[in-house]
Amino acid sequence: MAKEPRPIEELSIWDDAKAMLKKARAEGIQTVHDRLDRQTPHCKFCELGTTCRNCTMGPCRVSEKNPLGVCGADADVIVARNFGRFVAGGAAGHSDHGRDLIEVLEAIVEGETSDYKITEENKLRAIAGEVGIKTDGRPTMDVARDVMECFFADFGSRKKEVSFLSRVPKVRKDKWAGLKMIPRGVDREIAEMMHRTHMGCDNDAPNTMIHAARTALADGWGGSMIGTELSDVIFGVPTPKMSTANLGVIKADKVNLLVHGHNPVVSEMILAAARDPELLARAKELGATGINVAGLCCTGNELLMRQGIPMAGNHLMTELAIITGAVEAIVVDYQCIMPSLVQVSGCYHTKFIDTANKARFSGAIHFDFQPKTAMKQAREIVSIAVEAFAQRDAGRVDIPCEPVEIMTGFSNEAVTAALGGSLDPLVQAIAAGDIRGAVGIVGCNNPKIKQDSLNVKLAEELIKKDILVLVTGCVTTAAGKAGLLVPDAIEKAGPGLKKVCGALGIPPVLHYGSCVDNARILQLCAALANALNVDISDLPVGASSPEWYSEKAAAIGLYAVASGIYTHLGHPPNILGSETVTNLAVSGLEDLVGATFFIEGDMVKAADMFDERIKTKRKALGLSE
Ligand code: SF4
Ligand code: MSK
């Protein structure tokens, strides 16, 4: 017998989500929540991580009764291997995204595109200097070529360490060297993880876990950091600006085009094409007042940070945005795009357009988007959206709310500029205890958790304790919708944070970008540690992913811990079937890298644990608690 669906009230904290879930049920449209209900209860072996499919002597499931797989692998080995491959998947996603930015830089350097250009010459030169490339008196394109070669080489096997380790405090690098955890090359660490986890290779769980950390570090300090930095070089360094968020950003009188995925390479071009006078004129001819480009998930974050486009929603809003009935097209690049969006689009006049050969969706309109032809292709895509306006059924349109204001655009450069040109005022505010510490809240939604309940609650609890919060990824929209991304949110903060943020006119929760932009937080931590002449693990900082779901989030969490940042997860990865692996994650790593994971589903308790940690770290630095 089919299960009763969960009450809508339990699925999300947001009125816009609940209204669209109601509409979905009334119109007979299946959502992620319905499918979760059909998939539960989940397989216990898979939940514990004790199932292995790495060869055809299996698949094997180990338990107390049957403790060894056919090859003799025990639960520790199997869990570690599964987790290692999980992290490798996440690192591969972020880093391949980074590689795509290098390829755009290559197209610029080789003169193959005029649609993309080097927008931030100063940043390019600054990065070049950091990775040891001479810049004095050299033409920009020569510097760019060397940067391109250097970053391509970071993916290979010929380096002893990835280039941005130049940013890492020496004491941290020495720690990694002692553990054989220095990331040498992005593709190398990922490939080695696949090798190690083949049958008959790395059969020592702690050793596999150390390599998982190395793989994650190759993502954080390699692929992701390259992705972030080159996106800034090509599309501009984010600066503070106002925008809006929630489903109310979809406009009934406009052609609505949603960009979804992660990489700004496609979405930036779509935004530029949407300003084309001919396309605007055609939209008007069809009765629209304009073309509205709004964001979903991280490609939305990228455009929000740099261009201030409105955010329609995060991960669990992607199906619901289409259900407004007012979306002409959803244009995707890759990652976190539920294949169900094709079916939901098919229930309306919405055109679902994919743009990457590595992320195709059956039933989609496909464009093989290339730097050489980017603007031409972007115009064609926008034109499809414009023409779809004529097919919209006004009777099915329901935009459930008015948008809320948010402030965005906090890159490290913007923060430093706001502080008068150096991080010293931030260091002083931390020393004085006005800002007691900082926590990055990052990551996703997961339909197993009431949407954004944990993301918002943790941010609110932390700012009350004078802990500055930085948000990226899908937590951005959560914090924005909760009213935490505006300067007025200082009213919800403790007295110290209220004083500092009030003086600067900034929110107590700062939007720091997309998922790859967690590299900005790593860079900030390294800069603070270098300024204080300490290790990153000595700082009063933390990281959290309360509602995570993805392999990428696991890689982020692990590179944060391996970098020395105490990291919270709202629910555990599938590792609980091994005591060795679990103990390593939640305590053993402390001795090795000076930080661990902690798992806590109650956000008041999680905030208290961050508070305790921050007190300990402040005390050790000789600061008031
Ligand atoms: Fe089973 Fe070992 Fe093969 Fe895994 S590698 S499926 S545990 S025999
Ligand atoms: S999009 S990885 S659901 S944050 Fe970056 Fe959101 Fe998580 Fe994807």
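How do the residues of the shell around ligand 1 divide into nonpolar, polar and charged? Eight are nonpolar, three polar and one charged. Keep in mind throughout that this is a predicted model.

**Stop 1: ligand 1**

Select ligand 1 and show the residues around it. They are Cys52, Asn54, Cys55, Met57, Gly58, Cys60, Gly69, Val70, Cys71, Ile78, Arg81 and Met199. Now colour domain 1 (12-61) and domain 2 (75-235). Both give residues to the shell, so ligand 1 lies between them.

Met57, Val70 and Met199 make a nonpolar patch of about 270 Å².

Pick Met199. This residue sits in the loop between helix 8 (186-196) and helix 9 (205-235). Its relative accessible area is 33%, so Met199 is partly exposed.

**Stop 2: ligand 2**

Move to ligand 2. The shell here has 13 residues. By type, the shell holds seven nonpolar residues, five polar and one charged.

Which domains supply at least three residues each to this shell? Colour domain 3 (247-396) and domain 4 (406-620) to see them.

**Stop 3: Ile323**

Select helix 13, residues 318-323, and pick Ile323 in it. Is Ile323 buried or exposed? Ile323 is buried, because its relative accessible area is 0%. Next, draw a C-alpha to C-alpha distance from Ile323 to Ser345. The two are 22 residues apart in sequence and 8.2 Å apart in space.

**Stop 4**

The whole structure contains 47 salt bridges. Three of them follow, one at a time.

Start with Glu27 and Lys23. Their closest N and O atoms are 3.2 Å apart. Both residues lie in helix 1 (residues 15-27). They are four residues apart, about one turn of the helix. Check the accessibility of each partner. Glu27 is partly exposed at 31% relative accessibility. Lys23 is buried at 11%.

**Stop 5: Lys123 and Asp232**

Select Lys123 and Asp232. They form a salt bridge with closest N and O atoms 2.8 Å apart. Lys123 is in helix 5 (residues 121-130) and Asp232 in helix 9, so the pair ties together parts that are 109 residues apart in sequence. Both ends are worth a look with the surface on. Lys123 is buried, with a relative accessible area of 8%. Asp232 is buried too, at 0%.

Now widen the selection. What network do Lys123 and Asp232 belong to? It is a network of salt bridges that also links Glu130, Arg167, Glu229, Glu302, Arg306, Glu413, Asp517 and Arg520.

**Stop 6: Asp276 and Arg379**

Finish with Asp276 and Arg379. Their side chains meet in a salt bridge, 2.6 Å from N to O. Asp276 lies in the loop between helix 10 (264-273) and helix 11 (277-285), and Arg379 lies in helix 15 (residues 374-388), so this pair ties together parts that are 103 residues apart in sequence. Asp276 counts as buried, at 14% relative accessibility. Arg379 is partly exposed, with a relative accessible area of 38%.

Conventions
Residues numbered from 1 in each chain as written. Chains lettered and ligands numbered in written order. Predicted model: local features only at pLDDT ≥ 70, side-chain atom pairs only at ≥ 80, totals over all residues. Heavy atoms only, no water. Patch = residues over 30% accessible without salt bridge, like charges linked within 9 Å, V, L, I, M, F, W, Y side chains within 5 Å. Areas by Shrake-Rupley, 256 points an atom, 1.4 Å probe, with all protein chains shown as cover. Salt bridge = Lys/Arg side-chain N within 4 Å of Asp/Glu carboxyl O. Helix = DSSP H or I, 4+ residues; strand = E, 2+ residues; numbered from the N terminus. Buried < 20%, exposed > 50% of the residue type's maximum accessible area, 1.4 Å probe, protein only. Near = heavy atom within 4 Å. Nonpolar A, V, L, I, M, F, W, Y, C, P; charged D, E, K, R; others polar. Domains from an automatic or database assignment.
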